[in-house]
Amino acid sequence: MTPPTDLRSKVRELTPREAKKFDPVKAAEAALQRISSHFGNWMDNETRDLLSAWESIKIDGLTEDSLATLFQAAHNIKGQALTLGFPLVGEVAAGFCHLIENIPSPDKLPLELAGRYVEAIRAMVMEGAKDDANKTGVELLQTLLSVTDDYLAQFPKKQEEA
């Protein structure tokens, strides 16, 4: 197979002297710094996707497909939150993903608890609750995780695949 675009034509090859001085980690950090001003907007967009998925469930009811969409939105936030500067939000999203992954069926999703996760994520992003310095956010996270663990305790653990 031939790639549609030969990326070698898009970059300049470093001379041996330049290559010796090149620090890929430093270059990546500099690139992240240049685009970091957009991180808040990107997190807002991810949060909007989560809210949209949640609103769809509230209006049309919970199905396997709507739960999958909700999970994907939470999972995207979980995966991107640290990079975008919202590690606390990522922990909340991880707790939400854990809840969804460990219910035996969609009809066992506690809608009130799910709504609290969605609202917590929305509020933390809106208020800029980024890390452990936000004591209210940390307490909210701990409460959500505790309630989640208590709820999931009623179901037998899923068997790990060998």
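Colleague: What pattern does the protein chain follow, read along the sequence?

Modeller: It goes α-α-α-α-α-α-α. Keep in mind that this is a predicted model. The protein chain has 7 helices and 0 strands.

Colleague: OK. And how many of the 162 residues are buried, as a percentage?

Modeller: Buried residues come to 30% of the 162 in the protein chain.

Colleague: What share of the contacts between residues at least 6 apart in sequence join residues at least 24 apart?

Modeller: That share is 72% in the protein chain.

Colleague: Let's get to the packing. At what angle do α5 and α6 cross?

Modeller: Roughly 165 degrees, and their axes come within 10 Å. Anything over 145 degrees counts as roughly antiparallel, so α5 is roughly antiparallel to α6.

Colleague: Left-handed or right-handed crossing?

Modeller: Left-handed for α5 and α6.

Colleague: Which residues make that contact?

Modeller: From α5 you have Leu 88, Val 89, Val 92, Ala 93, Gly 95, Phe 96 and Leu 99. From α6 come Leu 113, Ala 114, Tyr 117, Val 118, Ala 120, Ile 121, Met 124 and Val 125.

Colleague: How do they divide by class?

Modeller: The contact of α5 with α6 has 14 nonpolar residues, 1 polar and no charged.

Colleague: Now the next pair. How do α6 and α7 pack?

Modeller: Helix α6, residues 111-127, packs on helix α7, residues 135-152, at about 160 degrees, with the axes 11 Å apart. That makes α6 roughly antiparallel to α7. The crossing of α6 and α7 is left-handed.

Colleague: And which residues are in the contact?

Modeller: On the α6 side, Leu 113, Arg 116, Tyr 117, Ala 120 and Met 124. On the α7 side, Gly 137, Leu 140, Leu 144, Leu 145, Val 147 and Thr 148. By class, the contact of α6 with α7 has 8 nonpolar, 2 polar and 1 charged residues.

Colleague: Switching to the core. Which residues of the largest nonpolar core touch the most other members?

Modeller: Met 43, Leu 50, Leu 70, Val 89, Val 92, Phe 96 and Leu 99, out of 38 residues in that core. As for where the core comes from, α3 (39-60), α4 (64-80), α5 (87-102), α6 and α7 each supply at least two of its residues.

Colleague: Take Val 92 from that set. What does Val 92 touch, not counting residues up to four places away in sequence?

Modeller: Tyr 117, Ala 120, Ile 121, Met 124, Leu 141 and Leu 144.

Colleague: What about Thr 47, is it buried or exposed?

Modeller: Thr 47 counts as buried because its relative accessibility is 4%, and the cut-off is under 20%. Thr 47 lies in helix α3.

Colleague: Which residues is Thr 47 in contact with, leaving aside neighbours within four places in sequence?

Modeller: Ile 77, Ile 121, Arg 122 and Val 125.

Colleague: Last one, Leu 152. Where is Leu 152 found?

Modeller: In helix α7. With 11% relative accessibility, Leu 152 counts as buried too.

Colleague: And what is Leu 152 in contact with, again leaving aside neighbours within four places in sequence?

Modeller: His 98, Leu 99, Asn 102 and Ile 103. Leu 152 and His 98 are 54 residues apart in sequence, yet their C-alpha atoms are 9.6 Å apart in space.

Conventions
Residues are numbered from 1 along each chain as its sequence is written. This is a predicted model: local features need pLDDT of at least 70, side-chain atom pairs count only at pLDDT 80 or more; totals for chains, interfaces and linings use all residues. Side-chain values use heavy atoms; hydrogens and water are left out. Axes are lines fitted to C-alpha atoms, for helices over the stretch in contact, and angles run from 0 to 180 degrees between N-to-C directions. Helices (H or I, at least four residues) and strands (E, at least two) are DSSP runs, numbered from the N terminus. Angles under 35 degrees count as roughly parallel, over 145 as roughly antiparallel, 65 to 115 as roughly perpendicular and the rest as oblique. A crossing is left-handed if the near helix is turned anticlockwise from the far one by less than a right angle, and right-handed if clockwise. Contact means heavy atoms within 4.5 Å. Ala, Val, Leu, Ile, Met, Phe, Trp, Tyr, Cys and Pro count as nonpolar, Asp, Glu, Lys and Arg as charged, and the others, Gly among them, as polar. A nonpolar core is a set of buried Ala, Val, Leu, Ile, Met, Phe, Trp, Tyr and Cys residues joined through side-chain atoms within 4.5 Å. Buried means under 20% relative accessible area, exposed over 50%, partly exposed in between (1.4 Å probe, protein chains only).
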